[in-house]
Amino acid sequence: PGWMEAGGWGLLAGSALLVGSAVGYLVRLPRRVVASVMAFGAGVLLSAVAFDLISDAYEQGGLTPTVLGAVAGAVAYTGCNVVLAWRGARHRKRSGGQQPSEDEQAGSGTALALGALLDGIPESVVIGASLLGGGAVSAATVVAVFVSNVPEGLSSAAGMRRAGRSPTYVFGLWTVIALISGLAAVVGYTLLGGVSPLVLAAVTAVAGGAILTMIADTMVPEAFDEAHLATGLILLVGFLGAFSISVSGR
């Protein structure tokens with residue numbers, strides 16, 4: 001069934017968070033390496049937003065719903081992110097000592113979990129929606145989300161370890177987020193089935209706006225915290241790699 005296929009692809013993409021978190025928590029990588037991996041992931045997601053989400057939204061519904069949807073997604077994400085930042089999740093993707101421990105800020109663990117959920121849902125909904133109409137899943141979107149999830153999980157788990165959070169908390173959190181990613185893909189496929197192209201365009205643009213804002217708010221600061229001369233080049237490699245996958249699938 002289509003909903004099951006959507007859930008499987010969403011779960012696959014979300015499982016990359018577990019891979020990244022295992023590396024980030026168990027292996028003590030230099031911060032410059034973590035920043036480089038995050039730069040690559042940011043480049044991949046930037047390409048997915050530009051050439052898959054926003055471009056598809058424009059082709060389906062035109063400029064107005066694309067712009068309005070993207071702005072709505074960015075505003076909604078920013079509002080939720082501000083609330084979570086007050087609760088201690090501002091630096092949830094940072095690998096250094098920026099993340100507060102539970103002793104330093106009560107409730108920050110819950111905020112971190114909600115922040116991870118906020119970051120992952122738009123990506124998974126788009127994966128599910130890409131299956132609508134009986135077509136194949138967007139390989140470019142799945143690959144982009146999977147590849148970008150590895151550095152997200154890696155950097156965040158490294159920061160959680162520095163904040164003194166237990167392996168049970170870290171791996172339990174990312175396991176739940178991976179499962180919810182699969183569920184969100186099912187929801188995207190189920191709820192958006194049968195809607196007009198205009199509505200689907202707006203929803204796709206909302207996800208694109210939210211993801212683009214997430215890149216700027218949570219991934220770019222980590223990618224350029226330990227900036228070196230090759231950081232921009234690494235981001236470009238990620239961008240062009242995802243772009244190549246996108247155009248080859250058309």
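Visitor: How many salt bridges does the structure hold?

Guide: This is a predicted model, in which local features need pLDDT of at least 70, side-chain atom pairs count only at pLDDT 80 or more, and totals for chains, interfaces and linings use all residues. Residues are numbered from 1 along each chain as its sequence is written, and side-chain values use heavy atoms, with hydrogens and water left out. A salt bridge is counted where a side-chain nitrogen of Lys or Arg lies within 4 Å of a carboxyl oxygen of Asp or Glu. The number of salt bridges in the structure is four.

Visitor: Are K93 and D119 buried or exposed?

Guide: The scale runs from buried (under 20% relative accessible area) through partly exposed to exposed (over 50%), using a 1.4 Å probe and protein chains only. On this scale, K93 and D119 are both buried.

Visitor: Which helix holds E152, a salt-bridge partner of K93?

Guide: K93 meets the side chain of E152 at 3.4 Å, N to O, and both K93 and E152 are buried. Because K93 lies in the loop between α3 and α4, this pair joins parts 59 residues apart in sequence. E152 itself is held by residues 139-162, helix α5.

Visitor: What is the relative accessible area of R94, the partner of E222?

Guide: In the salt bridge between E222 and R94, the closest N and O atoms are 2.9 Å apart. E222 is in helix α7 and R94 is in the loop between α3 and α4, so the pair ties together parts 128 residues apart in sequence. E222 counts as buried at 0% relative accessibility. R94 is buried too, and its relative accessible area is 10%.

Visitor: Is L233 buried or exposed?

Guide: L233 is located in helix α8, which spans residues 231-248. Because its relative accessible area is 53%, L233 is classed as exposed.

Key. Helix = DSSP H or I, 4+ residues; strand = E, 2+ residues; numbered from the N terminus.
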